[in-house]
Amino acid sequence: MQAKPVFHRPQYAADLAQQLLKPTALQVQVRSGVFLSGIRRIGKTTFLRQDLVPTLESMGTLVIYVDLWADRSKSPASLVHEAVKATLSALAAPGTQLLSRFKGLNVGAAGFSFGFQVDAVGKPGGATLAAVFTELVDQVKTDVVLIIDEVQQALGTEEGGHLLFALKAARDAVNTRPGTPGYLLFLGTGSHKSLVADMATRRSQPFAGAVSTGYEPLGSDFVSWKEAQLKQIKGIKLPSHDVMYQGFLALGQRPEELQNALVLLQSRPEDANVAFPIICSSLASAAAEVEIATIETLGALASAIFDRIVHGNEHGESGLFSADAINSYAEQIGTTVDTPQVQNMVDRMITANVMHRQSHGVYAVADPFVRQAWRQRKAMQLPLSQ
């Protein structure tokens, strides 16, 4: 039997959907919003589109999905407004697939009729998102889930800030009503771990108090699925499952990188179990070099700070601003260093997404295999610049 072209994660999707739609008394905080973060290219978007959205829809919800990286020429606010209007238009037009899902509500043949001008949503004088989502929930009589992929793109601009506050106002307008027929549930995902986590934890952010959690990366079952898919190809060269899985871990659990490694393996003369770890190590190092180059461009202080994080606690380093740390930085770079300089550099490194804030005063490397590559280079006593 031919393997499916997409690896599905039904249990993970079901668990997440259950927590969103039917939270226990200990999980009701999800109604304030959920922010899901994970490093780049580990399959977040594929999971959202192929598994989570269909699962949520199968449980009767109305899902609006927006990818803020879909069109970089448009502002996040424009992309969100376009997605909302597209959903409203599909509900208001006869014969659409989306409208057919709600035929049990005795909707007229022409579809839903809204008390505002759909085309004016997002424009001056148009209905607010609070008014739009309130009426939408009242009409479909079910939960509405808004998923914004790469949600951190909404930060940093005045328009993006206004959008987030408008969504928070919409959430409050819907969810705080007694007897509401459904909730407005917000799920933001992103690859910038600090910025995404900050959206849920910093008091200045509109969604402060929401749930912040990490995306669960692919595991051994994905590697098994990949093996089964590839074994159908006659004459293909594959390593053992354990060797392939260890290579996948070395590559940061990135599906595309695993595919690249397997393609490169086909031209290697050595035994697959010998060649594959070498290929994975080389690809991981090459990818890490890009991040390391970013650190280098920030200067010697950045390298000293990053080195302290790398060699600190694996779950986060809390001593970046201690007197001992300040003295160590000064010794390494050969000039005096003060706390404001360190804070400024830490902020720049967070913005560059090479490190992230785990919690107040605790920092960690954003990408685990960059941490590993840095340590390997140090162990070999190689300079950071070649």
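## Overall architecture

The chain of this predicted model contains 15 helices and 7 strands. Its C-alpha trace spans about 70 × 60 × 40 Å along the principal axes. Of the 386 residues, 47% count as buried. Among contacts in the chain with a separation of 6 or more, 69% are made by residues 24 or more positions apart.

## The largest pocket

The largest pocket holds about 690 Å³ of space. It is lined by 27 residues, and K193, H356, V365, A366 and P368 are the closest to its centre. By class, the lining comprises 11 nonpolar, 11 polar and 5 charged residues.

Five elements each supply at least two residues of this lining: α7 (193-201), β5 (211-214), β6 (355-359), β7 (362-365) and α15 (368-379). The greatest contribution comes from α15, with 5 residues.

## The β6-β7 hairpin

Two of the strands that contribute to the largest pocket, β6 and β7, form a hairpin with 2 residues between them. In the turn, G361 has a positive phi of about 80°. The strands pair in the antiparallel sense over 4 bridges, and H356 stands opposite A364 in β7.

In β7, V362 and A364 point one way, while Y363 and V365 point the other way. These four residues are all buried. Both H356 and V365 are also among the residues closest to the centre of the largest pocket.

## The second largest pocket

About 520 Å³ of space lies in the second largest pocket. Its lining consists of 26 residues, with I42, G43, K44, T46 and P255 nearest the centre. The elements giving two or more residues to this lining are α2 (44-58), α8 (220-230) and α10 (255-265).

Helix α2 gives the most to the lining of the second largest pocket, with 5 residues. The lining of this pocket divides into 11 nonpolar, 5 polar and 10 charged residues.

## Enclosed cavities

The structure holds 2 cavities of 30 Å³ or more. The largest cavity has a volume of about 100 Å³, and its lining is formed by I39, R40, S191, R254, E291, N353, V354, A366, D367 and V370. These lining residues divide into 4 nonpolar, 2 polar and 4 charged. A366 lines the largest cavity and is also among the residues closest to the centre of the largest pocket.

The second largest cavity has a volume of about 40 Å³. It is lined by L146, L167, R171, L184, L185, F186 and F207, a set with 6 nonpolar, no polar and 1 charged residues. Helix α6 (158-175) and strand β4 (184-190) each supply at least two of the lining residues, and β4 gives the most, with 3 residues.

## Nonpolar cores

The largest nonpolar core has 51 residues, and those with the most contacts inside it are I305, Y329, M349 and M355. Helix α11 (residues 272-298) provides the largest share of this core, 12 residues. Leaving aside neighbours within four places in sequence, Y329 is in contact with L301, A304, I305, R308, L320, V337 and V342.

Why is helix α12 (residues 300-310) described as largely enclosed by the rest of the structure? The reason is that 9 of its 11 residues are buried. They are L301, A302, S303, A304, I305, F306, D307, I309 and V310. The covering of these buried residues includes α11, α13 (323-333), α14 (339-351), β6, β7 and α15.

The buried residue I305 is one of those with the most contacts inside the largest nonpolar core. L301, A304 and I305, which are buried residues of α12, are among the contacts of Y329.

## A buried loop residue

Q205 lies in the loop between α7 and β5. Is this residue buried or exposed? With a relative accessible area of 19%, Q205 is buried, because the cut-off for that class is under 20%. Not counting residues up to four places away in sequence, Q205 touches L155, D198 and M199.

Definitions and conventions
Residues are numbered from 1 along each chain as its sequence is written. This is a predicted model: local features need pLDDT of at least 70, side-chain atom pairs count only at pLDDT 80 or more; totals for chains, interfaces and linings use all residues. Side-chain values use heavy atoms; hydrogens and water are left out. On a 1 Å grid over the protein atoms alone, a cavity is a set of points where a 1.4 Å probe fits but cannot get out, and a pocket is an open set with protein on both sides within 12 Å along at least five of seven lines; lining residues have an atom within 4 Å of a point. Grid points are joined across faces, edges and corners, and a volume is the space filled by probe spheres set on the points. Ala, Val, Leu, Ile, Met, Phe, Trp, Tyr, Cys and Pro count as nonpolar, Asp, Glu, Lys and Arg as charged, and the others, Gly among them, as polar. Buried means under 20% relative accessible area, exposed over 50%, partly exposed in between (1.4 Å probe, protein chains only). Two strands pair if DSSP finds at least two bridges between them. A nonpolar core is a set of buried Ala, Val, Leu, Ile, Met, Phe, Trp, Tyr and Cys residues joined through side-chain atoms within 4.5 Å. Contact means heavy atoms within 4.5 Å.
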